[in-house]
Amino acid sequence: MVETKNEPRIGVFLCHCGTNIAGSINIEEVKNYAKTLDGVVIADEYQYMCSTPGQSKIIDAINENNLNGVVVAACSPRLHEPTFRMATQEGGLNQFRFEMANIRDQNSWVHMHDLEGATEKAKDQVLIAVAKARMLEDLQPKSVPVEHAALVLGAGVGGMQAALDLANAGIKTYLVEKLPTIGGRMSQLDKTFPTLDCSQCILTPKMVDVGRHPLIELRTYTEVEKVEGYIGNFTITLRHKARGVLDPDQAAARAAATGILGTGCNGCGDCDAVCPVIKPNPFEMGMAPRKAIYIYHAQVMPLQYTIDFDACVKCGLCVDACGSEKNAIDLEAVDTFEEIKVGTCILAIGFDLIPIEEKREWGYKQYDNVITGLEFERLICASGPTVGHLIRPSDGKTPMKIGFVLCAGSRDNTGGVNKAYCSRFCCMYSLKHAHQIMEKIPGAVPYLFYMDIRSFGKMYEEFYYRIQNEGAKFIRGRVANILEDPITKNLIVNTEDTLLGRPVAMEMDMVVLAAAVQPKPEAEHIRQMFGVSKSQDGWLLEAHPKLNPCGTTTAGIYLAGVCQGPKDIPDTVAQAEGAASAASIPIHMGEVQLEPYFAMCMEDLCAGCGMCLNQCPYGALDLIEKNGRTVMEVTEAKCKGCGTCGGFCPGGAIKMQHFTSPQICAQIDAFLLKGGVN
Amino acid sequence: MAGNMRQYAFFLGCIAPNRYPGCEAAAIKTSAKLGIELLPLKGAGCCPAPGAFGAIDLKVWYALAARNIVLAEEMKMDITLICNGCYKSIWEVNHILKHNDELRDGVNEVLAEVDMEFKGSIDVWHLIELYYDKKVCGVEKVRDSVVRPLTGTKIAAHYGCHLLKPKKERHFGDTDNPMWFEALIEALGAESVQYRNKMQCCGAGGGVRGYDLTHSLDITNEKLINLEEVGADALTEVCPFCQLQYDRGQVEIEEKFGKKYGLPVLHYNELLGLAQGMTPQELALDLHAIDCTPFLEKIR
């Protein structure tokens, strides 16, 4: 390693980024300015500093000029800080002897038409970066071991795929699901586009695989209560909601612990038959009844009954029906908690439909025969409440003219419940619905009211042609309103046919709204527990929209499925496999390096007052006895380097590594005094 | 009694006092039984008609409406009124001038010529919203005031466009299928009926009646067909201009299209008057173009 003397020897490297930076900043002028700065021994420029020749310039300059600090003025550190740190290291310096000035995202892109102003600002940015670079210190990244286990939250098709991939890669995987069964939204669907596979038929083998896999620890009817730790070492507290019914394993455990005998639930349904409480069935979108003791649907995994304690009147009929041999029901069950340790986590928490009834002009929940796409799925499904016979809710008759309102709340930037984004699967499922009614009801005609048909996937456009040829009618126009005939309960759909250029009113027997999708209400709480950001549209934010679509800005947390943004089943499964791959890497590496930006206690200054302990959001600080004095100690693995304690400490005894007070003061002074203080 | 009365400056409008004086009488007498005292807004002029004036010169519309508002400001009372057209003019101008200083200064320059100034110190209410508002009256109080329930009648509601729209500049919430007017109808003991295309225009507003009578009646006719379909005994509204269109319009429709409906059309205050025990003579129902007798017989 090159000897780093006290005297600063800084190299400044300016990137053109093609014309991204050089188009609005006079690089030559900034370079000449940089050369005048105190401690700068070389200033250079290149078209693309991140390229191999660009990096070589840094490496060579370090060696030739005996540099002890490197400043690169280029893009965002989020993009290329690792690149340039590695170059700094290759040149023989400690990688933290590097500072970056973001003259692209924070300058040239925002001041695109102000060459003079942008150039002056770039000079300031370089000045500030050099001021810090003069005071940089060698730091050593810390390695921590990684738990050989993963968490997947949400057991829809995405979560199941991710769990299977992780488990098949030899990683113990906790698959946590809020509902009593795995399967998610996909199990509510009848058929899938464009192949017209039966959704359940292709899903249930996966559900069985998940249930059988020795490395998958299934936790249904369970929610995440608390998340602590960091990549490699997450401690997650799970809340097992009181289910009131014991599976055979739990029954055996009970027998061992208390001597109460019973074989546990075998899914026979005797309890269901006698339960007197009837509630709407959420799996059937409220279109069928459900008892207070229930299984979610016929193909649940695990096959174990659940008591809805919000509805249960504790009459005890189910306990008698279950009998002393199985003795599976415990009406006094309470929530229990479990702490698990995992190295990485995947969030696959899914979506909801928007409250489309708030679009009053379309009459959902006002008019009987206006339903949503998800309700249509249940009505057309052979295992649904009507055994697959599509009927009008108002009179049970078979509808012959069925309207489909596409982009129902999607691609609409007028606010309220509307979403500016495309929900991405409604066009395709509406085409599929059109096919299904023409297949099942001879003579029935689907009318699709659309803006554009977005059939972008593999074999999707071909599917669109097929539905056109089968006789579906397409009317290009957004539906203004839907009115109900109060006597026949038929619906009059008013729209403008924009291809004919005139308003049309069409009478339908039934209307299906392809409602937009939105994040689940609990997504906000989950996001905050796991420290994941959200994008402007409310979905969970990926680390990079193109180059890191499965990761998040919190190390060790990954995303899969619609919770990151609307996507259909193939895309969800693809992302789940990507997330599983990304989540398995740190686990297989066995250790991860943490940035050494920890708080550090300067023990000779610390008075041991302990006031910093309450400030720390991560519980990383403790008071210890050392050499007969009480001083503060930082648990580096827990510290996130937020700086709260460092800013707070009354004695100035806490040093924030890489963001020390002298470094930050030097930056502020440099800007305000233009370097005059030195 | 008088001590508990809320006082409002009552803006009469033009059609109610001139064509349907029963509306005016009913408004004053029925409100009194609901704790609302209507005091005459002395010196009030035309609202002025939003379609006719607004379409030609907005400044004139602002200034004339502002003058009416200033009269109430001088009385230190909120304005209430019984016509959607008046509501559009006076509520909306009050709202606009309160939020647009530039316009307000311009209007005040004009008003200065008659020694007046718009201050923005009062609010404007449609009488029907005061009835529905629990803080002022509320459906329960309306129900309690009924002495002769309209039991056995099927009454359809027509809200009228200017009351609810444009949605963004109003405060009524749902404008696609509101149900609060129906609640006020049912408070009188009647059954409120839903019909096809309830929120459709009466056909008169926006100058359509003046510009193209046949087209205007076409719209009215469609509404009447929809009402006939569900067997409504009467139509009620809160706008004398809508009332004129549905009431006299039926005579014109019979002349032009040869179709006779005979559907009585009553302002909500007239219905409320009947339910509170006022006589048809007090309500001047004989001045309606369509004979109200079949409806009156139903509630006898």
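Tutor: A disulfide links A:Cys198 with A:Cys201, with 2.4 Å from S to S; the term denotes a pair of cysteine sulfur atoms within 2.5 Å. In general, such a link is a covalent bond between the sulfur atoms of two cysteines. The model is predicted, so local features need pLDDT of at least 70 and side-chain atom pairs count only at pLDDT 80 or more, whereas totals for chains, interfaces and linings use all residues; side-chain values use heavy atoms, with hydrogens and water left out. Residues are numbered from 1 along each chain as its sequence is written, and chains are lettered from A and ligands numbered from 1 in the order in which they are written.

A search of the whole structure finds one disulfide over all chains. The torsion about the S-S bond of A:Cys198 and A:Cys201 is about 80°, and the disulfide is therefore right-handed. As to accessibility, buried means under 20% relative accessible area, exposed means over 50%, and partly exposed lies in between (1.4 Å probe, protein chains only). A:Cys198, at 28% relative accessibility, counts as partly exposed, and A:Cys201 counts as partly exposed at 48%.

A:Cys563 is buried, with a relative accessible area of 3%. In chain B, the sulfur of B:Cys83 lies 3.7 Å from the closest cysteine sulfur, that of B:Cys86, and this too is too far for a bond. B:Cys83 is buried, its relative accessible area being 11%.

Let us now turn to the contact between the chains. Eleven residues from chain A and nine residues from chain B take part, contact meaning heavy atoms within 4.5 Å. The area buried between chain A and chain B is about 840 Å², of which carbon and sulfur atoms give 51%; buried area is the accessible area (1.4 Å probe) that two parts lose on being put together, summed over both. A:Arg360, A:Leu483 and A:Pro486 supply 47% of the area that chain A buries against chain B, more than any other three residues.

Between chain A and chain B there are two salt bridges, each a side-chain nitrogen of Lys or Arg within 4 Å of a carboxyl oxygen of Asp or Glu. The side chains of B:Arg196 and A:Asp485 form a salt bridge, at 2.1 Å from N to O.
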